[in-house]
Amino acid sequence: MSKEAIVIGLGISGCTAARLLADAGYSVTCFERESHIGGNLFEDIRPNGQRIQTCGPHIFHTDSEDVYTFLRRFGNFYPYTHRVLAEVSGVVVPVPLNFASLRALFGNKAPALQDKLISLFGENKRVSLSRLLSCGDTSLIGLGKYIHEHLQIPNINRKGEEALEACDDSYMYDTFVETSENDNYYPDKFQAMPILGFVPLLENMLSHKKITYQTDTDALARLSLVEETGSFLFDGIPFKGPVIYTPSLDLLFGCRYGRLPFRVSNISFEDIDQDYYLKSASLTNAENSACVRISESKYFTLIDTPGKTSICKEGAYSTAVSRQSEPFEPEITEKSLACYARYAALARKFSSLHLLGRLACYKNMSVSECITQVMTELSL
Ligand SMILES: Cc1cc2nc3c(=O)[nH]c(=O)nc-3n(C[C@H](O)[C@H](O)[C@H](O)COP(=O)(O)OP(=O)(O)OC[C@H]3O[C@@H](n4cnc5c(N)ncnc54)[C@H](O)[C@@H]3O)c2cc1C
């Protein structure tokens, strides 16, 4: 019996699914709505030669040897340690806040904070904002409130004015505290970047005799749902193989329960005639709503452009008003989760449907988590 599968959306989730299915003997037909593959990992080259990621900086990090081994089948990586600074009321400090940050921000009060952090959480640990706030120690709770006020970026890791809890985004560590001098942004075992970039890596992933893909194609114009039987028609013909779906789930059901809200940000790029613009790969400023983060791609590509660099500026994050804007992050609220649950209940009627990735699952996920999810869900 011929094994056929359809993959909708060619970001990291769709590309990984396509490759795993093809490796397992499926003939895989993929559709991507944009004119290019890559989704959130899409890259472009600036006139000065710098490679930038058009949806904002993406750094690969994982604790999973399986994920890293899988990705290295499709391109070489170089070790890269991401370092992020934050500007807090005019003072620039490493984030997650480490002991050097505490000294710079709190002067002679820093040693006492340091001792309390070590006695409560141990040395060389990463402590989340919610653990700080619930630790029972007045001065550490004060530190937590300080982080909430000065370091939680509105609408990214600060959800609403009153929310003291940091969200547990898997790629944002600005609100954590490190109980050491360590200034490494990510705690993961493997941190590396693809030498040629993410797009060539994904192209290699799709380069398989059993994979065909079409860009500039809205898959939902080709696929229809037969709700009574929980089955699919592809170009009007019954399709029985696995359907891998990675776009936002509301779109699959014509947004019948309303749109799932996503946050968006204005991202802009500038080319600058100097060697480096920043002192580290990223500089965040939660207090500046016009530009909450600046990143300099030169730090995480191996492309040397002497005297020239490019920076990416992210404006404040706000709720997407239309699907014209690229959805960045699900706007998680009780209401949006309840809406998602209704769509998920509809989706469960389709036994051959697999919802994968950050949009279809309405979850913040790192690249590594997307790959792990595909590997687990398809377990081929
Ligand atoms: C600002 C930001 C920074 C991030 N930084 C990091 C980081 O540093 N490290 C990290 O590990 N993770 C990071 N992430 C998370 C990472 O971007 C995602 O986990 C990952 O890229 C999601 O991949 P995906 O394939 O699930 O979704 P996407 O990349 O969004 O892919 C979905 C694809 O579906 C396509 N599509 C939509 N509708 C249709 C349709 N009707 N027909 C066909 N195709 C369609 C879209 O065009 C898109 O290509 C970041 C996320 C954001 C928002």
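Helices here are DSSP runs of H or I with at least four residues, and strands are runs of E with at least two, numbered from the N terminus. With that in hand, let's look around this predicted model.

**Stop 1: the whole chain.** Show everything as a cartoon. You'll be looking at 11 helices and 22 strands. Buried residues make up 42% of the 380. Now think about contacts with a separation of 6 or more: 71% of them join residues 24 or more positions apart.

**Stop 2: the ligand.** Select the ligand and the residues around it. How many residues surround the ligand? There are 34, and the closest are G9, G11, G39, P247 and G357. Next, colour α1 (12–23), α10 (357–360) and α11 (367–378), the elements that each give two or more residues to this shell. By type, the shell splits into 16 nonpolar, 12 polar and 6 charged residues.

Stop 3: Select 60–62, 77–79 and 190–194, which are β5, β6 and β11. They form an open sheet of 3 strands in the order β5-β11-β6, with antiparallel pairing. Which strands sit at the edges? Those are β5 and β6, each pairing on one side only. Neighbouring strands in this sheet are turned by 40 degrees against each other on average, ignoring direction.

Zoom in on β5 and β11, which pair over 3 bridges. Click F60, and then its bridge partner in β11, A192. Strands of a sheet pair through backbone hydrogen bonds, so show the backbone atoms here.

Definitions and conventions. Residues numbered from 1 in each chain as written. Predicted model: local features only at pLDDT ≥ 70, side-chain atom pairs only at ≥ 80, totals over all residues. Near = placed C-beta within 6 Å. Nonpolar A, V, L, I, M, F, W, Y, C, P; charged D, E, K, R; others polar. Pairing = 2+ DSSP bridges. Axes fitted to C-alpha atoms, helices over the stretch in contact; angles between N-to-C directions. Buried ≥ 20, exposed ≤ 12 C-beta atoms within 10 Å, placed from the backbone. Contact = placed C-beta atoms within 7 Å.
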